[in-house]
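Reader: I have a model open on my screen and would like to learn how to read it. Could you take me through it?

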Amino acid sequence: MPAPLSLPPSFKSLTYTSPSTPPHLTHAPLPSPSSLGPKDILVKIHAAAINPVDIQLWGNAMIGWVAGKKEKGIGRDYSGIVVGVGDEVRGEGEGRWEVGEEVWGLVMRPTGEGTFSQYVKVTVGIDPIARKPKSWTFEEAAAVPLVALTAFTCLDWLPAANSDGGQRRVIVAGASGGTGIWCVQLAKKLYNCHVTGICSAKNADFVRNMGADEIIDYTSQDIQSTLLSSLPEHRKYDLYIDCVGGTSVFNYWTSLLHRKGAYVTIVGDKTSRTVLGGPITYLTSMSQILRFVKGWVFGPRYANVELYTKTELLEKVLKLEETVGVKIVVQDIVKGILDEDEYEAAWEKIKGYMEGGRVRGKIVVALE
Ligand SMILES: NC(=O)c1ccc[n+]([C@@H]2O[C@H](COP(=O)([O-])OP(=O)(O)OC[C@H]3O[C@@H](n4cnc5c(N)ncnc54)[C@H](OP(=O)(O)O)[C@@H]3O)[C@@H](O)[C@H]2O)c1
């Protein structure tokens, strides 16, 4: 049995009180490993990643409605080392964990917990968590969960294989971003599809390297005519994955996608980077609802989706890494987010990256 760890009495996190107010460092008591719930795991975080949704939630009052007035955390992705395990999930083997194991995962709770924190408590069966491969650094592992899980959700809309054996054709808009690179990789490596990536010219080689067969440069080419003119005879596309938002494709989507095909978006009709997207926008957008119903009845399908938060999908990523390998791209590792003198500058830097929308791959924050 490993020697009991000596843990500090309190831990530091980056938190905020009201929407859009500058975050600050808070100190909270660290739960002792003996006080953990039966399925809880306490993780000392080494790295976390920033996602657009972190900025969107920080600016949104909704979290406050659920979490109340308490301090709300920032960050969903993390990687780190297990320092405490509840009784029912302690031990060796699948679904069980031991102190000292290196892990990566996601904390996506409406109650406002964040991973820009020295420690996080997660619950097996609720929060996706997996063992970190030795081949990945902590920074690489933190760059994967949210975006890879989102890509699996999108690819779930890929229709069944063609009866004539022809390769299915997938379009990924926003192919150079955090989610886009996983959509390209899964479409290619897991489903053996023909992939068209939509990105700017400066990212063309990068997206090809992720597995795209064809590139459309959205800054210089007309997307509609290029897509429609590259359709092989008698064959339309199977899936359009939208990681950017907007409505421009709906002028011609029935010409682009066959009846059993689908247009799946993780953003919705809006294009703002700082406003919350995903299926919650069905509540405010009648056109999305009509499109969903029309697509369901007549095809092609339309769906505005939210990532699946499932441990099995993190394990699928690990299988893929073992069999064909996956590419993890970290554009920048930002330090100082929990440092008294540096956190304000670090926060401005990562916020700027997310608002700017020009990141290739992921931005990670190093906590150790
Ligand atoms: N519903 C969900 O569950 C879910 C999950 C994850 C993300 N999202 C949302 O999905 C969106 C994308 O997230 P992300 O993390 O993948 O973003 P990201 O990594 O920040 O995306 C940045 C990338 O988008 C590219 N881009 C920007 N405008 C583009 C355009 N018009 N056409 C093609 N590419 C463009 C940029 O390339 P250039 O520099 O070349 O323009 C850059 O590489 C965000 O709005 C996010 O909130 C939703």
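This is a predicted model: local features need pLDDT of at least 70, side-chain atom pairs count only at pLDDT 80 or more; totals for chains, interfaces and linings use all residues.

Reader: Into which domains is the protein chain divided?

Author: Domain bounds come from an automatic or database domain assignment. Here they give domain 1 (10–143 + 328–366) and domain 2 (148–304). Taken over C-alpha atoms, the centres of domain 1 and domain 2 are 30 Å apart.

Reader: How many residues does the contact take from domain 1 and domain 2?

Author: Two residues are in contact if their C-beta atoms, placed from the backbone, lie within 7 Å. By that rule, domain 1 brings 17 residues and domain 2 brings 11 residues. Helices (H or I, at least four residues) and strands (E, at least two) are DSSP runs, numbered from the N terminus. On the side of domain 1 that touches domain 2, helix 1 and helix 11 (343–356) each supply at least two residues.

Reader: Now the ligand: which residues come nearest?

Author: A residue is near a molecule if its C-beta atom, placed from the backbone, lies within 6 Å of it. There are 32 residues around the ligand, and Gly177, Gly178, Thr179, Ser200 and Gly278 come nearest. Elements giving two or more residues to this shell include helix 1 (52–58) and helix 5 (178–190).

Reader: Where does the ligand lie relative to domain 1 and domain 2?

Author: Both domains give residues to the shell, so the ligand lies between them.

Reader: What should I look for in the backbone?

Author: Most residues other than glycine have a negative phi, and most peptide bonds are trans. The bond from Gly299 to Pro300 is cis, with omega near -10°. Pro300 sits in the loop between helix 9 (286–298) and strand 14 (301–304). As for phi, Ser20 has a positive value of about 65°, and Asn192 one of about 50°.

Reader: Is Ser20 buried or exposed?

Author: A residue is buried if 20 or more other C-beta atoms, placed from the backbone, lie within 10 Å of its own, exposed if 12 or fewer, and partly exposed in between. Ser20 counts as exposed because it has 11 C-beta neighbours inside 10 Å. Its place is the loop between strand 1 (10–16) and strand 2 (24–29). Asn192, in the loop between helix 5 and strand 10, is exposed with 11 other C-beta atoms within 10 Å.

Terms used
Residues are numbered from 1 along each chain as its sequence is written.
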